[in-house]
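Here are a few notes to read alongside the model. Take them in order and keep the view open as you go.

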Amino acid sequence: MVKLNKIYTRTGDDGTTGLVSGPRRLKHDLRVEAYGTIDESNSAIGIARLYTSEEPVLDQMLMAIQNDLFDLGADLSTPETDEPPAWEPLRIIQSQVDRLERDIDTLNAELSPLTSFVLPGGSPAAAHLHLARTIARRAERLMVALSRIEGERVSAAAPKYINRLSDLLFVAARYANERGGADVLWVPGKNR
């Protein structure tokens, strides 16, 4: 259980932050950037949810994702090591990835077929979901870069989860745009 009695600690005033496992990292460290960007995507989803209350199926999916993104942040802020941990670290697991795939299939089944690339926009929910998608893609790039650094590890299911999430957010944006009927389509060379 998380218990937050004091919000400010002053320990970050020197430009560092503590990982769950204890070590301190610079606030611009790639691991901190990755889980900070996960938090940013979560916040964008929270804004999108201001507009999804009329779509209870979608809203429940997004609420579950918001919880998962805290799990993903905990996963990234507790790096895997060769030493056995003193406690069971929270990790993204394959069943969370599988749930995203089922949710993508559920939403996609109601969408009109695509005839062009979709421009971010349409309804307020869709626009915010597209923004959350692009932030999730940035988080994915950071996680991949982190995993390529010698000595750094990213748990196996974490990159799968964030990759599937951006797919789900794309489908969710189309779903929020009247099941794709109100999508704003790209017209190649339209303004030449």
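1. In which strand is Val-184 found? Keep in mind that this is a predicted model. Val-184 sits in strand β4, which covers residues 184-185. With a relative accessible area of 34%, Val-184 is partly exposed.

2. Now for the charged side chains. Those of opposite charge can pair when their charged atoms come close. Searching the whole structure turns up 13 salt bridges.

3. Have a look at Arg-99 and Asp-103, whose side chains meet in a salt bridge at 3.9 Å, N to O. Both belong to helix α3 (residues 94-108), and because they are four residues apart, about one helical turn separates them. Asp-103 counts as buried, at 12% relative accessibility.

4. Another salt bridge joins the side chains of Asp-167 and Arg-137, at 3.2 Å from N to O. Asp-167 is in helix α5 (residues 157-176) and Arg-137 is in helix α4 (residues 124-147), so this pair ties together parts that are 30 residues apart in sequence. Asp-167 is partly exposed at 30% relative accessibility, and Arg-137 is partly exposed at 28%.

5. Asp-183 and Arg-174 make a salt bridge too, with their closest N and O atoms 2.5 Å apart. Asp-183 counts as buried at 12% relative accessibility, and Arg-174 is buried with a relative accessible area of 4%.

6. Lastly, look for Glu-55, Glu-110 and Arg-179: a network of salt bridges links them.

Conventions:
Residues numbered from 1 in each chain as written. Predicted model: local features only at pLDDT ≥ 70, side-chain atom pairs only at ≥ 80, totals over all residues. Heavy atoms only, no water. Helix = DSSP H or I, 4+ residues; strand = E, 2+ residues; numbered from the N terminus. Buried < 20%, exposed > 50% of the residue type's maximum accessible area, 1.4 Å probe, protein only. Salt bridge = Lys/Arg side-chain N within 4 Å of Asp/Glu carboxyl O.
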